[in-house]
Amino acid sequence: MSWRLLLWSVLMGLSAPILIYPVNLSLEPYFVWSSDIFPNLPIFGVLFYSWTACLLVLIFTAGDGQRAQWERLALVVLAALIFRGFWVFFSAIQHQGLLHLNETQWWLNTGKIVSPGFYGDWPGLSTATALIVRVTGLELYPAATLFTLVMTLSIAIGGYALLQGALKSSRDASLACLLVLAGDQWLHILYWPWTMSLGLALLF
């Protein structure tokens, strides 16, 4: 077994505990820092930074060629699943996304696709979410969570493809994509028309 295969095993082994790490959620009359939701922040920090170190080592040592391109794409998708997906799984709907979700609920209840609310100006998000509810039979919040996760992965895949074409390097493209996923201030609102539009634009 090569050391890179072993490192892949460690990376995957660390991914599951991060995704299922327990959090304390409560309604508060003020903004709650993300660090305050963890019952044991140091343990989560060790898990997350160990995972990040494995991820970066694998990206830098993947080499060249088509196989390396696919491997780095897999690493970017995994990073999106862990870094963004962690928040999606337990708190996909935040800030103004709640208003869009209310708009979607209004559509489902009344059967009308136009409402007097301000958020009817961006019907694509509500339309897509309502469609998922009707087709899958999921409740509204799980449907929005699923849709948000798909858009998050779409941004990762589309962003990697776009950046690889621009930078002519799968290593540089994967690193740039990680910076976008981790640092873009708009991506913190995951259930949002802008996020949906970005994912669709990058894919098509």
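A salt bridge is a side-chain nitrogen of Lys or Arg within 4 Å of a carboxyl oxygen of Asp or Glu. In this structure, the side chains of Asp-172 and Arg-171 meet in such a bridge, at 3.4 Å from N to O. The model is predicted, so local features need pLDDT of at least 70 and side-chain atom pairs count only at pLDDT 80 or more, while totals for chains, interfaces and linings use all residues. Residues are numbered from 1 along each chain as its sequence is written, and side-chain values use heavy atoms, with hydrogens and water left out.

**Salt bridges**

- Side chains of opposite charge can pair when their charged atoms come close.
- A search of the whole structure finds 2 salt bridges.
- One of them joins Arg-4 to Glu-71, whose closest N and O atoms are 2.7 Å apart.
- This pair links distant parts of the chain, 67 residues apart, with Arg-4 in helix H1 and Glu-71 in helix H3 (residues 66-91).
- Helices here are DSSP runs (H or I, at least four residues), numbered from the N terminus.
- Arg-4 counts as buried at 17% relative accessibility, and Glu-71 counts as buried at 14%.
- Buried means under 20% relative accessible area, exposed means over 50%, and partly exposed lies in between (1.4 Å probe, protein chains only).
- Asp-172 is partly exposed at 30%, and Arg-171 is partly exposed at 36%.

**Helix packing**

- Helix H1 (residues 3-19) packs with helix H2 (residues 41-60) at an angle of about 145°, their axes being 9 Å apart.
- The contact (heavy atoms within 4.5 Å) involves residues of H1 including Trp-3, Arg-4 and Leu-7, and residues of H2 including Phe-44, Leu-47 and Phe-48.
- Helix H5 (residues 123-136) and helix H6 (residues 140-167) pack at about 115°, with axes 9 Å apart.
- Axes are lines fitted to C-alpha atoms, for helices over the stretch in contact, and angles run from 0 to 180 degrees between N-to-C directions.
- Leu-125, Ala-128, Thr-129, Ile-132 and Val-133 of H5 meet Leu-140, Ala-143, Ala-144, Leu-146 and Phe-147 of H6.

**Nonpolar surface patch**

- Ile-157, Leu-200, Leu-203 and Phe-204 make a nonpolar surface patch of about 420 Å².
- Patch residues have over 30% relative accessible area and no salt bridge, and nonpolar side chains (Val, Leu, Ile, Met, Phe, Trp, Tyr) are joined within 5 Å, like charges within 9 Å.
- Accessible areas come from the Shrake-Rupley method with a 1.4 Å probe, and for residues only the protein chains shown count as cover.
- Phe-204 lies in the segment after helix H8 (193-203) and is exposed, with a relative accessible area of 82%.

Technical notes. Helices (H or I, at least four residues) and strands (E, at least two) are DSSP runs, numbered from the N terminus.
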